[in-house]
Amino acid sequence: MAIKRGSKVDKSYSAASMTDLMFLLLIFLLISTTLINPNALKLVLPQSSNQLKEKPYTTVSITPDLQYYVETTPVSFDDLESTLQSKMAGAEDPTISLHADETVPIKEVVKVMNIAKDNNYKLILAARPK
């Protein structure tokens, strides 16, 4: 008399749940990478072969029409120094990244450099790689 086992081990593998997880992970990564710099200003930076990897505390941008921005907030030049002082208050190593379009006159860049020097801030001039 042959006794049959009631339970058999199924050797097949269902990848349906793994496919769902990979799809959700792909959607998450696509959405999170688009949120990295959503408020960046469109500037054509000058080229340079030297690149620094220092992390700035804040950024100052000068557009081709000589509009000043602290991060993404428009600021008049007269209010730029006071805005930077309030932003850098309490910063341990205050560093500013200056993003100036390549068509901006050098005297406008030097004005921001003088503000940084007068307040003992480090200044990094942003450039695109050569």
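A: What follows is a short note on the model, then the pairs one by one, then their surroundings.

The model is predicted, so local features are reported only at a pLDDT of at least 70 and side-chain atom pairs only at 80 or more, while totals for chains, interfaces and linings use all residues. Residues are numbered from 1 along each chain as its sequence is written, and side-chain values use heavy atoms, without hydrogens or water. The chain has a mean pLDDT (the predictor's confidence in each residue, from 0 to 100) of 81, and 82% of the residues score at least 70.

A salt bridge here is a side-chain nitrogen of Lys or Arg within 4 Å of a carboxyl oxygen of Asp or Glu. By this rule there are 3 salt bridges. Helices (H or I, at least four residues) and strands (E, at least two) are DSSP runs numbered from the N terminus.

Glu-71 sits in the loop between E3 and strand E4 (73-75) and Lys-87 in helix H2, so the pair ties together parts 16 residues apart in sequence. Glu-71 has a relative accessible area of 34% and is partly exposed; Lys-87, at 32%, is also partly exposed. On this scale buried means under 20%, exposed over 50%, and partly exposed in between (1.4 Å probe, protein chains only).

Another pair joins Asp-93 to Lys-122, with 3.4 Å between the closest N and O atoms. Asp-93 is in the loop between H2 and E5, and Lys-122 is in strand E6 (residues 122-125), so this bridge links parts 29 residues apart in sequence. Asp-93 is partly exposed at 43% relative accessibility, and Lys-122 is partly exposed at 41%.

The remaining pair, Lys-111 and Glu-108, meets at 3.5 Å, N to O. Both belong to helix H3, and being 3 residues apart, they are separated by about one helical turn. Lys-111 is partly exposed at 32%, whereas Glu-108 counts as buried at 8%.
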